[in-house]
Amino acid sequence: MLEERAGWFVVNVKDARWTARGDHFGKMGLFEKPDEPFPEIGIHVFVLEPGKPNCRYHREDAQEDLLVLSGRCRLLVNGEQRILETWDFVHFSAGVTHVVVGLDAPCAVLFVGHRADPEPALFYPASEIARRYGAEAPEPTSDPKVAYSDAPRRTTVEAPPWPLTHRLRGA
């Protein structure tokens, strides 16, 4: 439930606005109102099922950061990969190419990115490693419409079960 006051509000993640692009990508929780985007930062929670990327492999000319809230995921960054676990924090300077892919159980990842006016420039490169995980754009491009031309449009979906519960190996 949204609790709103002059200049601030509180919303629980389970009550956020959730969207998805079919079942190819993870679900994205948005805290801002559709007609009132936050002017300075973008902040989203992604819930990723195993094998599902949060978006297309990309880089932008602005800082972005992420924090794994629960579970494990695979980070693809500048042509390398690394496994991230709960509470791992990653900082991406402008120009770092990246995407996150769900690993062995649902995971939740908080993303925070700089918003500028105009929006930061994006580029979606060709990448064999991103292709392996379904995160490569159909062709190298700086146009998000081209990068997602083969994916469904974002639609509103139900919130995933929250909090996420899972068993890690050895637990």
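**Entry 1: ground rules and confidence**

I number residues from 1 along each chain as its sequence is written, and side-chain values use heavy atoms, with hydrogens and water left out. As the model is predicted, local features need pLDDT of at least 70 and side-chain atom pairs count only at pLDDT 80 or more, while totals for chains, interfaces and linings use all residues.

I looked up pLDDT, the predictor's confidence in each residue, from 0 to 100. The protein has a mean of 91, and 93% of its residues reach 70 or more. I marked residues 167–171, where pLDDT stays under 50. For that stretch the model has 3 contacts beyond four places in sequence, a contact being heavy atoms within 4.5 Å.

**Entry 2**

I took strands as DSSP runs of E with at least two residues, numbered from the N terminus; helices would be H or I runs of at least four. Two strands pair if DSSP finds at least two bridges between them.

In which order do the 7 strands of the open sheet run? I read S10-S7-S12-S5-S4-S3-S14, with antiparallel pairing. S10 and S14 (155–157) are the edge strands, each pairing on one side only. From one strand to the next the twist averages 30°; such angles are taken between N-to-C directions, from 0 to 180 degrees, with axes as lines fitted to C-alpha atoms (for helices, over the stretch in contact).

I then walked along the pairs. S3 (residues 17–20) and S4 are antiparallel over 3 bridges, and tryptophan 18 stands opposite glycine 29 in S4. These two strands form a hairpin with 6 residues between them, and glycine 22 in the turn has a positive phi of about 60°. S4 and S5 share 4 bridges, again antiparallel. Lysine 27 has valine 47 in S5 as its bridge partner, and leucine 30 has histidine 44.

At the S10 end, S7 and S10 pair in the antiparallel sense over 4 bridges, with glutamate 64 opposite phenylalanine 92. A handy reminder to myself: in a regular strand the side chains alternate between the two faces of the sheet. For S10 I noted a covered face of Val90 and Phe92 and an uncovered one of Phe89 and His91.

**Entry 2: histidine 44**

S8 (residues 73–77) and S11 are joined over 5 bridges; cysteine 73 has glycine 102 as its bridge partner in S11.

**Entry 3: nonpolar cores**

I defined a core as buried Ala, Val, Leu, Ile, Met, Phe, Trp, Tyr and Cys residues joined through side-chain atoms within 4.5 Å. The largest has 17 residues, of which Leu66, Cys73, Leu75, Leu84, Phe92, Val100 and Val109 touch the most other members. At least two residues of this core come from each of S4 (27–30), S5 (41–48), S7 (64–70), S8, S10 (89–92) and S12 (107–114). Apart from this core lies another, of 14 residues, including Tyr57, Leu76, Val101 and Ile129.

I also listed the contacts of leucine 84 beyond its neighbours within four places in sequence: Leu66, Val68, Gly71, Arg72, Cys73, Leu75 and Val90.

**Entry 4: aromatic pairs**

My rule was that rings of Phe, Tyr and Trp (its six-membered ring) pair if their centres lie within 6.5 Å; planes under 30 degrees apart are stacked, over 60 edge-to-face, the rest tilted. That gave 4 aromatic pairs. Phenylalanine 46 and phenylalanine 111 are edge-to-face, at 5.3 Å centre to centre and 80° between the planes. This pair links S5 and S12, 65 residues apart, and both phenylalanines are buried. Finally, I found Phe25, Tyr124 and Tyr148 in one aromatic cluster.

Definitions and conventions: Buried < 20%, exposed > 50% of the residue type's maximum accessible area, 1.4 Å probe, protein only.
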